[in-house]
Amino acid sequence: MTLYQFDEKLIQAYDKSGPRYTSYPTAVQFNQEFQAQNYIEWAEWSNVQSRKETTVQPLSLYFHIPFCNTVCFYCGCNKVVTKDRSKAAPYLQRLHKEIELQSHWFDTGRPVEQLHWGGGTPTFISHDEMIELMQVTRKYFTLKEDDSGEYSIEIDPREVSRETLSILRREGFNRLSLGVQDFDPQVQKAVNRIQPEAMTFDAIATGRDLGYKSVSVDLIYGLPFQNVDSFAHTIEKVLQASPDRISVFNYAHLPTMFKPQRRINEADLPLPAEKLKILRNTMEQLSQGGYVFIGMDHFAKPDDEMAIAQENGSLYRNFQGYATHAECDLIAMGITSISKVGNSYSQNVKTLEEYYPLIDSGKLPVYRGISLSEDDILRREVITQLICHFKLEFSKIDAAFGIEFSDYFKTELQELSKMQDDGLLELSAGAINVLPVGRLLIRNVCMVFDVYLRNARQQNFSKVI
């Protein structure tokens, strides 16, 4: 079966703004009535649920390292741009303290199935600081020591050596994620990310040599001076490096929200028609190169864990994108990080100035979040099934939630009938099946079930394509 079909007219017709559904409800619905005490109550609830299971419910840990040596103009991440490496020390001291604080609320027997360092640039910190952070994590949480966990780190090829990667591998990391964006020198200069090809290829080769199980590469289309031919050259080079996973993100130019983007000249950006051609050509190249379309921006080799998880129905989606372990509570630490514990989402404060005094006073730095209603949990499951697997069987939802799908979602099914007429999906008496032409527009399909979006007066999301 063809995994996707590129229909330019339909893409143009449906190309509106919408959530990426790394959570449902989305972060727009988080509120400041949800505080640290609510988080603690959900952690205690989660422990009780874990004790009821025949196998202990595992955990997922995320650490946000916000520091960057230089600013990439396209970036919309929460970061602290500085060349002063000493600024990491006071942050890491507080992060160590938050690890200790968080550990009080989770049973020590719950193993850490997933671990991820993101940023910013996690490799901004020194080797000694990397080792100490892992030592502190091991002190308070139960890390796997048999290399069976999914422990990943985002690296910057411009500032990692073989020694860096060797230390990280010894400390338990077995997956690497690195940003490339584009190899074209003119594009790199326009976005202030000068990254020679040799550095990128050397990092990938070194990672493989040191026994990392997976390497993931991030690309961005829609940047200044990109065109079909130039980006095709980047894809050719990436295919030669043969990473296990490739993400191709759509650049969303939102200079009113992200100040660094104001340094990008809008006149240099490719026109929407050219962006579509870049995307189409990229997807064809990746498919011909043997990669499986997972969904939205993600591609993987057929034997990669992500492709296997999609095949066996265990693929999930969280704040890092597609994931392979749906059963984990996600404990996120550091500024701006977002946790998923029990049936709740919570976010830490966004600045160092807020974070430091809260940690120093022994308080969890949660400043907003949401406890999910029964309707939220139901709709989250519907959206997750669609965005991860492109299909949904009503009987499974009925059995899990005690509803009659066709009655509960009568309005949504009526809306989907228009998408069926356009060839995006098939509706039957008991299922939704997203067709190849609709898979690129899966966000549109999911948006039909988003009750908050239905009632929203204003949207502030990126375009779906």
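A search of the whole structure, which is a predicted model, finds five cavities of 30 Å³ or more. A search for salt bridges finds 25 of them. Residues are numbered from 1 along each chain as its sequence is written, and side-chain values use heavy atoms, with hydrogens and water left out. Because the model is predicted, local features need pLDDT of at least 70 and side-chain atom pairs count only at pLDDT 80 or more, while totals for chains, interfaces and linings use all residues.

**The second largest cavity**

- A cavity is a set of points, on a 1 Å grid over the protein atoms alone, where a 1.4 Å probe fits but cannot get out; lining residues have an atom within 4 Å of a point.
- The second largest cavity has a volume of about 70 Å³, a volume being the space filled by probe spheres set on the points.
- Its lining consists of Tyr21, Thr22, Ser23, Tyr24, Tyr316, Arg317, Tyr345, Arg380, Ile383, Thr384 and Ile387.
- Helices (H or I, at least four residues) and strands (E, at least two) are DSSP runs, numbered from the N terminus.
- By class, the lining has six nonpolar, three polar and two charged residues; Ala, Val, Leu, Ile, Met, Phe, Trp, Tyr, Cys and Pro count as nonpolar, Asp, Glu, Lys and Arg as charged, and the others, Gly among them, as polar.

**Salt bridges**

- A salt bridge is a side-chain nitrogen of Lys or Arg within 4 Å of a carboxyl oxygen of Asp or Glu.
- Glu145 pairs with Arg138, their closest N and O atoms being 2.9 Å apart; Glu145 is exposed at 57% relative accessibility, whereas Arg138 is partly exposed at 25%.
- Asp147 pairs with Lys213, with 3.9 Å between the closest N and O atoms.
- That pair links distant parts of the chain, 66 residues apart: Asp147 is in the loop between β5 (142-143) and β6 (150-155), and Lys213 is in the loop between α7 (197-209) and β8 (214-221).
- Asp147 is partly exposed at 25%, and Lys213 is partly exposed at 43%.
- Glu305 pairs with Arg245, the closest N and O atoms being 4.0 Å apart.
- Glu305 is partly exposed at 36%, while Arg245 is buried at 12%.
- Salt bridges with shared partners join Asp375, Arg379, Glu412, Glu415 and Arg454 into one network.

**Helix α8**

- Helix α8 (residues 228-241) has 14 residues and reaches 20 Å from its first C-alpha to its last, close to the 20 Å expected at 1.5 Å a residue; the expected span is 1.5 Å times one less than the number of residues.
- Its buried residues are Val228, Ser230, Phe231, Ala232, Thr234, Ile235, Val238 and Ala241.
- The elements that cover them include β7 (175-181), α7, β8, β9 and α9 (272-288).

**Leu416**

- Leu416 lies in helix α15 (residues 410-421) and is buried, with a relative accessible area of 0%.
- Not counting residues up to four places away in sequence, Leu416 touches Leu425, Leu427, Ile432, Val445, Val448 and Phe449, contact meaning heavy atoms within 4.5 Å.
- The C-alpha atoms of Leu416 and Val445 are separated by 7.5 Å, and the two residues are 29 residues apart along the chain.

Key:
On a 1 Å grid over the protein atoms alone, a cavity is a set of points where a 1.4 Å probe fits but cannot get out, and a pocket is an open set with protein on both sides within 12 Å along at least five of seven lines; lining residues have an atom within 4 Å of a point. Buried means under 20% relative accessible area, exposed over 50%, partly exposed in between (1.4 Å probe, protein chains only).
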